[in-house]
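Q: I'd like to learn how to read a protein model feature by feature. Can we go through one together?

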Amino acid sequence: MTLRPILIHPDPRLKKVTAAVTQVDDDLRVLAADMLETMYDAPGIGLAAPQVGVMLRVMVMDCVKDDINPARPMVLINPEITWESDTHSVYEEGCLSIPEQYADVERPAEVEVRWMDLDGAEQTERFDGLWATCVQHEIDHLDGKLFIDYLKPLKRQMITRKMQKLKRERARA
(Lines give C-alpha, C1' and ligand atoms only; values in the text may rest on other atoms or scores of the structure.)
Protein backbone atom coordinates (compact mmCIF):
# COMPACT_ATOMS: atom_id res chain seq x y z
CA MET A 1 0.00 0.00 0.00
CA THR A 2 1.14 3.49 -0.84
CA LEU A 3 0.21 6.87 0.56
CA ARG A 4 -0.99 8.99 -2.34
CA PRO A 5 -0.75 12.79 -2.45
CA ILE A 6 -4.08 14.52 -1.89
CA LEU A 7 -4.97 17.28 -4.36
CA ILE A 8 -5.64 20.68 -2.82
CA HIS A 9 -8.39 23.02 -4.04
CA PRO A 10 -8.32 24.79 -6.44
CA ASP A 11 -7.30 22.00 -8.79
CA PRO A 12 -9.32 21.51 -11.99
CA ARG A 13 -9.47 17.74 -11.46
CA LEU A 14 -11.58 18.30 -8.33
CA LYS A 15 -14.29 19.95 -10.45
CA LYS A 16 -14.63 17.19 -13.05
CA VAL A 17 -17.24 14.44 -13.18
CA THR A 18 -15.57 11.03 -12.88
CA ALA A 19 -15.95 8.01 -15.16
CA ALA A 20 -17.80 4.88 -14.11
CA VAL A 21 -15.71 1.83 -13.26
CA THR A 22 -16.33 -0.87 -15.84
CA GLN A 23 -14.20 -3.65 -14.36
CA VAL A 24 -13.10 -4.57 -10.86
CA ASP A 25 -9.52 -5.79 -11.14
CA ASP A 26 -6.31 -5.90 -9.12
CA ASP A 27 -5.38 -2.33 -10.13
CA LEU A 28 -8.67 -1.11 -8.67
CA ARG A 29 -8.10 -3.12 -5.48
CA VAL A 30 -4.64 -1.52 -5.12
CA LEU A 31 -6.20 1.92 -5.64
CA ALA A 32 -8.80 1.19 -2.95
CA ALA A 33 -6.16 -0.03 -0.46
CA ASP A 34 -4.00 3.03 -1.17
CA MET A 35 -6.99 5.33 -0.73
CA LEU A 36 -7.89 3.78 2.64
CA GLU A 37 -4.31 4.08 3.85
CA THR A 38 -4.15 7.70 2.62
CA MET A 39 -7.49 8.53 4.29
CA TYR A 40 -6.49 7.04 7.64
CA ASP A 41 -3.08 8.73 7.51
CA ALA A 42 -4.55 12.19 6.73
CA PRO A 43 -6.56 11.59 9.06
CA GLY A 44 -10.02 11.64 7.52
CA ILE A 45 -13.28 9.68 7.38
CA GLY A 46 -13.74 9.69 3.61
CA LEU A 47 -11.77 10.05 0.39
CA ALA A 48 -12.83 10.04 -3.26
CA ALA A 49 -10.60 8.92 -6.14
CA PRO A 50 -10.41 12.37 -7.79
CA GLN A 51 -8.82 13.68 -4.59
CA VAL A 52 -5.81 11.49 -5.39
CA GLY A 53 -5.93 12.38 -9.09
CA VAL A 54 -7.79 9.27 -10.30
CA MET A 55 -10.87 10.16 -12.32
CA LEU A 56 -12.96 7.08 -11.49
CA ARG A 57 -16.17 6.66 -9.46
CA VAL A 58 -14.48 5.12 -6.41
CA MET A 59 -14.71 6.30 -2.81
CA VAL A 60 -13.70 5.01 0.59
CA MET A 61 -15.00 5.86 4.04
CA ASP A 62 -14.90 4.83 7.66
CA CYS A 63 -16.89 6.96 10.08
CA VAL A 64 -16.00 4.96 13.21
CA LYS A 65 -14.15 7.54 15.26
CA ASP A 66 -13.72 5.81 18.62
CA ASP A 67 -11.58 3.04 20.05
CA ILE A 68 -14.57 1.06 21.33
CA ASN A 69 -16.04 -0.01 17.99
CA PRO A 70 -14.01 -1.79 15.33
CA ALA A 71 -13.03 0.18 12.24
CA ARG A 72 -15.42 -0.23 9.31
CA PRO A 73 -13.48 0.56 6.15
CA MET A 74 -15.80 0.69 3.14
CA VAL A 75 -14.99 0.84 -0.57
CA LEU A 76 -17.85 2.01 -2.79
CA ILE A 77 -17.51 1.64 -6.57
CA ASN A 78 -19.96 3.54 -8.78
CA PRO A 79 -22.05 4.64 -5.77
CA GLU A 80 -25.42 6.22 -6.39
CA ILE A 81 -28.03 7.60 -4.04
CA THR A 82 -31.31 5.77 -4.67
CA TRP A 83 -33.37 7.42 -1.91
CA GLU A 84 -33.05 10.40 0.41
CA SER A 85 -35.12 11.45 3.40
CA ASP A 86 -37.27 14.56 3.46
CA THR A 87 -35.69 15.54 6.76
CA HIS A 88 -32.35 17.29 6.66
CA SER A 89 -29.47 17.66 9.08
CA VAL A 90 -26.62 20.12 9.33
CA TYR A 91 -23.05 18.99 9.95
CA GLU A 92 -19.88 21.00 10.12
CA GLU A 93 -17.97 19.56 7.16
CA GLY A 94 -14.32 19.64 6.28
CA CYS A 95 -12.39 18.14 3.40
CA LEU A 96 -8.92 16.67 2.97
CA SER A 97 -8.63 18.71 -0.25
CA ILE A 98 -9.52 21.91 1.65
CA PRO A 99 -7.43 21.51 4.82
CA GLU A 100 -8.34 23.27 8.06
CA GLN A 101 -11.50 24.86 6.62
CA TYR A 102 -14.91 23.93 7.98
CA ALA A 103 -18.48 25.05 7.38
CA ASP A 104 -22.01 23.93 8.14
CA VAL A 105 -23.66 22.11 5.23
CA GLU A 106 -27.27 20.97 5.13
CA ARG A 107 -27.99 17.61 3.51
CA PRO A 108 -30.66 14.89 3.68
CA ALA A 109 -30.46 13.22 7.11
CA GLU A 110 -30.71 9.71 5.63
CA VAL A 111 -29.82 8.27 2.25
CA GLU A 112 -29.91 4.87 0.64
CA VAL A 113 -26.94 4.09 -1.58
CA ARG A 114 -26.31 1.36 -4.12
CA TRP A 115 -22.74 0.48 -5.15
CA MET A 116 -20.46 -2.30 -6.29
CA ASP A 117 -17.94 -3.80 -3.86
CA LEU A 118 -14.41 -5.04 -4.56
CA ASP A 119 -15.80 -8.46 -5.54
CA GLY A 120 -18.05 -6.85 -8.16
CA ALA A 121 -21.19 -7.59 -6.12
CA GLU A 122 -23.97 -5.03 -5.81
CA GLN A 123 -24.53 -3.66 -2.31
CA THR A 124 -27.25 -1.41 -0.86
CA GLU A 125 -27.32 0.27 2.53
CA ARG A 126 -29.20 3.05 4.26
CA PHE A 127 -26.97 5.55 6.04
CA ASP A 128 -27.80 8.16 8.67
CA GLY A 129 -25.92 10.58 10.89
CA LEU A 130 -22.26 11.14 10.08
CA TRP A 131 -22.28 8.19 7.65
CA ALA A 132 -25.03 9.87 5.56
CA THR A 133 -23.14 13.16 5.50
CA CYS A 134 -19.88 11.45 4.56
CA VAL A 135 -21.27 9.31 1.75
CA GLN A 136 -23.05 12.34 0.22
CA HIS A 137 -19.87 14.46 0.53
CA GLU A 138 -17.78 11.81 -1.25
CA ILE A 139 -20.36 11.18 -3.98
CA ASP A 140 -20.33 14.95 -4.56
CA HIS A 141 -16.57 14.65 -5.20
CA LEU A 142 -17.29 12.05 -7.88
CA ASP A 143 -19.64 14.58 -9.50
CA GLY A 144 -17.09 17.42 -9.39
CA LYS A 145 -18.73 19.18 -6.45
CA LEU A 146 -17.03 20.38 -3.23
CA PHE A 147 -18.65 21.14 0.12
CA ILE A 148 -17.78 24.82 -0.35
CA ASP A 149 -20.11 24.86 -3.38
CA TYR A 150 -22.96 24.82 -0.84
CA LEU A 151 -21.70 28.04 0.77
CA LYS A 152 -22.46 31.65 -0.04
CA PRO A 153 -20.14 33.09 -2.72
CA LEU A 154 -18.20 35.37 -0.35
CA LYS A 155 -17.35 32.54 2.08
CA ARG A 156 -16.45 30.22 -0.82
CA GLN A 157 -14.13 32.86 -2.33
CA MET A 158 -12.48 33.47 1.04
CA ILE A 159 -11.74 29.75 1.48
CA THR A 160 -10.48 29.47 -2.11
CA ARG A 161 -8.05 32.36 -1.54
CA LYS A 162 -6.76 30.66 1.63
CA MET A 163 -6.18 27.45 -0.33
CA GLN A 164 -4.34 29.33 -3.10
CA LYS A 165 -2.09 30.88 -0.45
CA LEU A 166 -1.53 27.45 1.17
CA LYS A 167 -0.56 25.95 -2.21
CA ARG A 168 1.93 28.80 -2.84
CA GLU A 169 3.47 28.29 0.61
CA ARG A 170 3.79 24.54 0.06
CA ALA A 171 5.37 25.09 -3.37
CA ARG A 172 8.03 27.32 -1.80
CA ALA A 173 8.84 24.84 0.96
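Predicted model: local features only at pLDDT ≥ 70, side-chain atom pairs only at ≥ 80, totals over all residues.

Q: How many salt bridges does the count come to?
A: The rule asks for a side-chain nitrogen of Lys or Arg within 4 Å of a carboxyl oxygen of Asp or Glu. By that rule the count comes to 10 salt bridges. One of them joins the side chains of Arg4 and Asp34, at 3.0 Å from N to O. Arg4 sits in the segment before helix 1 (26–41) and Asp34 in helix 1, so this pair ties together parts that are 30 residues apart in sequence.

Q: Are Arg4 and Asp34 buried or exposed, or something in between?
A: Use the cut-offs we began with. Arg4 is partly exposed, with a relative accessible area of 25%. Asp34 is buried, its relative accessible area being 4%.

Q: What about Arg107 and Glu93: how far apart are their closest N and O atoms?
A: Those atoms are 2.6 Å apart, and the two residues form a salt bridge. The pair links distant parts of the chain, with Arg107 in strand 5 (residues 98–108) and Glu93 in strand 4 (residues 88–95), 14 residues apart. Both Arg107 and Glu93 are buried. Salt bridges that share partners also join Glu93, Arg107 and Asp140 into one network.

Q: Which side chain of opposite charge is nearest to Glu138?
A: Arg107 again, but here it is 8.4 Å away. Since the salt-bridge rule wants the atoms within 4 Å, look at Glu138 as the contrasting case: Glu138 is buried yet has no salt bridge. Glu138 has its place in helix 2 (residues 129–142). Leaving out residues up to four places away in sequence, Glu138 touches Gly46, Leu47, Ala48, Gln51, Met59 and Val60.

Q: Now zoom out. In what order do the elements of the chain run?
A: From the N terminus on, they run α-β-β-β-β-β-β-β-α-α. That is 3 helices and 7 strands. The radius of gyration is 16 Å, close to the 16 Å that the globule rule gives for 173 residues, so the chain is as compact as a globular protein of that length. Along the principal axes, the C-alpha atoms fill a box of roughly 45 × 40 × 35 Å.

Q: What share of the residues is buried, and what share of the contacts joins residues at least 24 apart?
A: Buried residues make up 43% of the 173 residues. For contacts between residues at least 6 apart in sequence, 66% join residues at least 24 apart.

Q: How far apart are the mean positions of the positive and negative charges?
A: They are 11 Å apart, for 22 positive and 30 negative charges. As for the surface, the accessible area comes to about 9300 Å², and 50% of that belongs to carbon and sulfur atoms.

Technical notes:
Residues numbered from 1 in each chain as written. Heavy atoms only, no water. Helix = DSSP H or I, 4+ residues; strand = E, 2+ residues; numbered from the N terminus. Rg over C-alpha atoms; globule rule 2.2 N^0.38 Å. Buried < 20%, exposed > 50% of the residue type's maximum accessible area, 1.4 Å probe, protein only. Contact = heavy atoms within 4.5 Å. Areas by Shrake-Rupley, 256 points an atom, 1.4 Å probe, with all protein chains shown as cover. Lys, Arg positive; Asp, Glu negative; His and termini not counted. Charge placed at Lys NZ, Arg CZ, Asp CG, Glu CD.
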